[in-house]
Amino acid sequence: MKDYKKHFIVPAPPEDLYKALTNQYTIQLWSGEPAEMSTEPGTEFSLWGDSIVGMNLEFEEDKKIVQEWYFGEQEEDSIVTIILHPDKKGTDVELKHTNIPDEAFDDIVDGWNEAYFGALIDFYS
């Protein structure tokens, strides 16, 4: 199991980025893929047509999102924490993803950098 941490600068204010990460219709706009999302803790979500599935754990409006991502049968939960910090260029996104299965690590890192935050940066640029 591996952990991944990274900061991204997205050229949009935290409140806009929060909506882009939590509103299923906005997610579909920037990702170009089907999405199911709610800001209700305890609800399941699906992104990229079920390529990413999990449980929403915690939300702090315009500031923080915590999710569990499912990777089949694994002992420790894979937790994604996204914290949004205002920045003079938009939003400094602090990403922490814990307990990523070794065999999925490279694909997950590429996904974060290209399909997820890469797409958001392109969307707002």
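A residue counts as buried under 20% relative accessible area, exposed over 50%, and partly exposed in between (1.4 Å probe, protein chains only). By that rule Phe123 is partly exposed, with a relative accessible area of 37%. This is a predicted model, where local features need pLDDT of at least 70, side-chain atom pairs count only at pLDDT 80 or more, and totals for chains, interfaces and linings use all residues. Residues are numbered from 1 along each chain as its sequence is written, and side-chain values use heavy atoms, with hydrogens and water left out.

**The sheet**

- Seven strands make an open, antiparallel sheet, in the order β1-β7-β6-β5-β4-β3-β2.
- β1 (2-10) and β2 (35-36) sit at the edges with a single partner strand each, so one side of each has no neighbour in the sheet.
- Helices (H or I, at least four residues) and strands (E, at least two) are DSSP runs, numbered from the N terminus, and two strands pair if DSSP finds at least two bridges between them.
- Between the antiparallel strands β4 (residues 52-60) and β5 (residues 64-69) there are six bridges.
- Gly54 has Trp69 of β5 as its bridge partner.

**The helices**

- Helix α1 (residues 14-22) lies across β1, β4, β5, β6 (78-87) and β7 (90-100), and runs at about 155° to β6.
- Axes here are lines fitted to C-alpha atoms, for helices over the stretch in contact, with angles from 0 to 180 degrees between N-to-C directions.
- α1 also packs against helix α2 (residues 24-31) at about 90°, with the axes 5 Å apart.
- That makes α1 and α2 roughly perpendicular (65 to 115 degrees; under 35 is roughly parallel, over 145 roughly antiparallel, and the rest oblique).
- On the α1 side, Lys19, Ala20, Leu21 and Thr22 make the contact, and on the α2 side Gln24, Thr26, Ile27 and Trp30 do (contact means heavy atoms within 4.5 Å).

**Phe123 and its contacts**

- Phe123 belongs to helix α3 (residues 105-124).
- Leaving aside residues up to four places away in sequence, Phe123 touches Leu29 and Trp30.
- Phe123 and Trp30 are 93 residues apart along the chain, yet their C-alpha atoms are separated by 5.9 Å.

**The salt bridge**

- What joins Glu58 and Lys64? Their side chains form a salt bridge at 3.5 Å, N to O (a side-chain nitrogen of Lys or Arg within 4 Å of a carboxyl oxygen of Asp or Glu).
- The count by this rule is one salt bridge.
- Glu58 is partly exposed at 34% relative accessibility, and Lys64 is partly exposed at 23%.
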